[in-house]
Amino acid sequence: MRRSRIPPGVWFVSPALAAIALFFAVPVAASLLLSLTDFDIYAIGDAANLRFVGLANYAQLLREPLFWIALANTAYFVAVAGPLSIALSLAAALAVGSPLARWKGLFRTLLFLPVATTLVAVAVVWRFLYHPRVGLLNGALAALGIAPVDWLGDPRFAMPALIAMAIWKNFGFNMVIFLAGMQAIPERLYEAARIDGAGAASQLRHITLPALAPTFLFVAVSTGIGYLQLFAEPYVMTAGGPSDRTLSIVLMMYREGFRWWNMGYAAAVAFVLFAIILAASWLPWRLRAREAGA
Amino acid sequence: MTARALGCSAALLLLACGAASRSDGAVEFWALGSEGEVVQALVAEFERREPGVRVRLQQIPWSAAHEKLLTAFVGDAMPDVFQLGSTWIPEFVALGALEPLDARIDASPALARDDFFPGILDANSIGGHTWGVPWYVDTRLLFYRRDLLAGAGVGEVPRTWDGWLEALARVKQRVGADRYAILLPMNEWEVPVALAMERGAGLLRDRDRYGDFRAPAFRAAFEFYLGLFERGLAPRAGVAQIANLYQDFAAGFFTFFVSGPWSLGELSRRLPARLSDAWGAAPMPSTGGPPPGVSLAGGASLALLRGTPRAAAAWRLVEFLSEPRQQLAFYRLSGDLPARTSAWSDGSLVGDPRAQAFREQLERVRATPKIPEWERIADALSRSCEAAIRGELAPAEALARLDSDVDALLAKRRWLLEREALR
């Protein structure tokens with residue numbers, strides 16, 4: 001009789017694999033199946049009310065105007081908040097990391113504080129800032145002679161208002177990543193540049209930024225993935241309003257799934273979002289690989 | 001091996017949980033929000049009276065209650081008796097989670113059907129069965145500032161739509177551009193639906209299989225409602241923009257608003273003392289018939305889990321909480337209005353004209369369509385209202401879109417009804 005030969009490595013990774021299979025692969029497969037059914041409140045009551053609908057959920061999703069609104073809102077958020085927050089993170093990292101800066105630890109902590117703060121607490125404070133009549137922001141505008149703006153109630157301003165809050169809340173995290181990236185740049189490069197007569201601007205352009213390129217890639221991808229999953233900000237600040245202007249894809253999925261219990265349809269939304277995120281995170285790597293190859 | 005161990009321990013855990021919550025024979029009772037807090041005193045009294053019965057009370061926050069009840073149903077961890085928002089009943093009936101209570105109500109010496117408000121009792125009845133015993137009731141009506149009305153030359157609270165419109169116009173003329181006559185959060189569906197019911201709109205048609213929002217009655221009410229915004233009587237504000245309703249009401253930002261019994265307590269607590277007599281509550285105006293106009297049947301009921309082995313003890317708890325004396329005690333503790341009309345003859349309610357406005361309104365309440373899809377339809381309705389109020393859609397377009405959205409939402413219901421008809 002031959003003894004089966006299982007490499008010892010398999011035994012070592014099997015706990016992790018089992019956990020991944022149990023808590024990731026199985027739920028993902030189950031929700032993929034779910035997205036092909038019309039699982040809803042009636043089906044919870046009686047399994048006979050469950051219908052296999054094939055790709056009908058996906059077809060209906062693509063026909064539903066609300067999905068396109070949610071997609072456009074999410075794209076708007078990613079396209080504006082993404083670059084702005086990365087730029088702000090970089091600027092903050094440069095300022096805090098500059099050799100001229102003092103009390104670096106203090107500033108780093110202060111700028112990182114919003115990241116560590118509970119979003120709901122942040123939302124409560126920002127809602128007061130944005131209040132049309134008693135808000136600080138409109139008070140400042142009034143001092144400049146500008147008419148008050150209904151930040152969270154006006155369809156034109158609600159998304160910009162959320163973007164401003166999200167950037168403030170999140171930029172500290174990327175700032176820390178950039179700071180770490182900057183610490184890895186050898187000091188002798190700057191020394192050499194200074195000897196060659198390079199000013200601060202050309203040092204930034206020719207040393208800091210190119211050396212930060214891999215960090216940029218990571219920051220861009222992780223920020224993009226995070227922002228595509230926009231949920232908590234509109235959930236607590238606007239509930240998707242006014243006029244659906246801040247309805248994001250995840251918020252739509254949440255409503256379908258956990259408010260209306262259309263689990264089948266919500267699972268279809270989840271898979272469409274998954275496909276979008278996969279494409280969005282694969283593209284930058286691809287571009288970079290091509291760049292590196294050229 | 002690890003996987004098997006994991007599986008085993010998970011199974012053990014589930015068994016342990018199930019056993020812990022089920023073994024001691026106590027009646028599991030879930031009550032929601034602040035009601036869950038104040039009912040503790042009544043439950044203690046019940047246990048004194050029924051020495052053989054133990055009640056395990058769990059408080060569930062309102063915001064998580066709906067989800068928690070549904071997941072409990074799926075996970076087979078439902079309580080024996082629980083509080084349900086009256087608009088959730090159709091959903092739990094569709095799930096098959098509720099015990100029909102007709103026989104128990106008819107056999108009970110403590111309960112009499114004619115001692116409940118008819119509209120409220122109707123909200124608990126679906127398909128010829130009663131599924132919940134109304135515990136406390138609510139509905140919506142007008143809250144107003146008496147002093148601001150008098151200042152605008154309106155002596156009496158309007159009882160008809162025409163009178164209402166005139167009063168609103170006078171108030172608006174008086175308070176100027178920065179203030180308003182009425183506050184109607186433009187993404188709330190309750191007021192337009194109540195107005196439409198007053199006009200006689202059915203909302204849905206053909207056994208609730210299709211939307212009927214383009215019907216003349218709904219259309220008329222919808223246009224009346226939109227007119228309040230177009231004429232500047234109501235601000236174009238959503239729920240999110242109203243940071244503090246009661247402060248704004250105290251500041252005179254608006255003279256009327258439409259709300260429920262919870263505002264009675266909030267206004268008494270939050271308004272400055274100088275305004276304590278300046279506000280009142282009045283039933284909804286009518287379109288021409290005898291007042292009051294129709295408003296929505298709301299509140300919460302007590303329901304039993306279908307097939308629970310502790311049904312007898314759980315039912316005794318329901319009977320106990322429905323006693324007029326306990327209803328009054330509960331009213332004093334929570335401010336929730338009693339569901340039993342006999343409890344309303346108590347002096348504390350008779351002598352309170354604001355509570356009496358609710359009493360009058362409760363005689364004329366109607367339930368929204370009793371189908372599980374209603375909350376979702378109401379959400380679509382709110383969004384159509386908001387789009388029309390903002391002028392993004394013409395009224396006719398908004399209603400056409402609403403009808404087609406609602407028809408799509410009801411597709412599964414139509415399929416179920418057709419399949420049933422075939423059997």
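Student: How many residues does the contact take from chain B and from chain A?

Tutor: Keep in mind that this is a predicted model. With residues counted as in contact if their C-beta atoms lie within 7 Å, chain B gives 25 residues and chain A gives 26 residues.

Student: Which helices of chain B each supply at least two residues of the side that touches chain A?

Tutor: Look for helix 1 (2-22), helix 3 (62-74), helix 4 (89-95), helix 17 (374-389) and helix 19 (411-422) of chain B. Helix 17 of chain B has the largest share of that side, with 4 residues.

Student: What is the make-up by class of the side of chain B that touches chain A?

Tutor: That side of chain B has 12 nonpolar residues, along with 8 charged and 5 polar ones.

Student: Now for a sheet. What is the order of the strands in the open sheet of 4 strands in chain B?

Tutor: Reading across the sheet, the order is 8-11-7-12, and the pairing is mixed. Strand 8 (180-183) and strand 12 (279-282) of chain B are the edge strands, each pairing on one side only. From one strand to the next, the twist averages 20 degrees.

Student: Do strands 8 and 11 of chain B pair in the parallel or the antiparallel sense?

Tutor: Parallel: strand 8 and strand 11 (residues 254-259) of chain B are joined over 3 bridges. One residue pair to find is Tyr180(B), whose bridge partner in strand 11 of chain B is Phe254(B).

Student: Which strands does helix 16 of chain B lie across?

Tutor: Helix 16 (residues 353-362) of chain B lies across strand 7 (141-145) and strand 12 of chain B. Helix 16 runs at about 15 degrees to strand 12 of chain B.

Conventions:
Residues are numbered from 1 along each chain as its sequence is written. Chains are lettered from A and ligands numbered from 1 in the order in which they are written. This is a predicted model: local features need pLDDT of at least 70, side-chain atom pairs count only at pLDDT 80 or more; totals for chains, interfaces and linings use all residues. Two strands pair if DSSP finds at least two bridges between them. Axes are lines fitted to C-alpha atoms, for helices over the stretch in contact, and angles run from 0 to 180 degrees between N-to-C directions. Two residues are in contact if their C-beta atoms, placed from the backbone, lie within 7 Å. Ala, Val, Leu, Ile, Met, Phe, Trp, Tyr, Cys and Pro count as nonpolar, Asp, Glu, Lys and Arg as charged, and the others, Gly among them, as polar.
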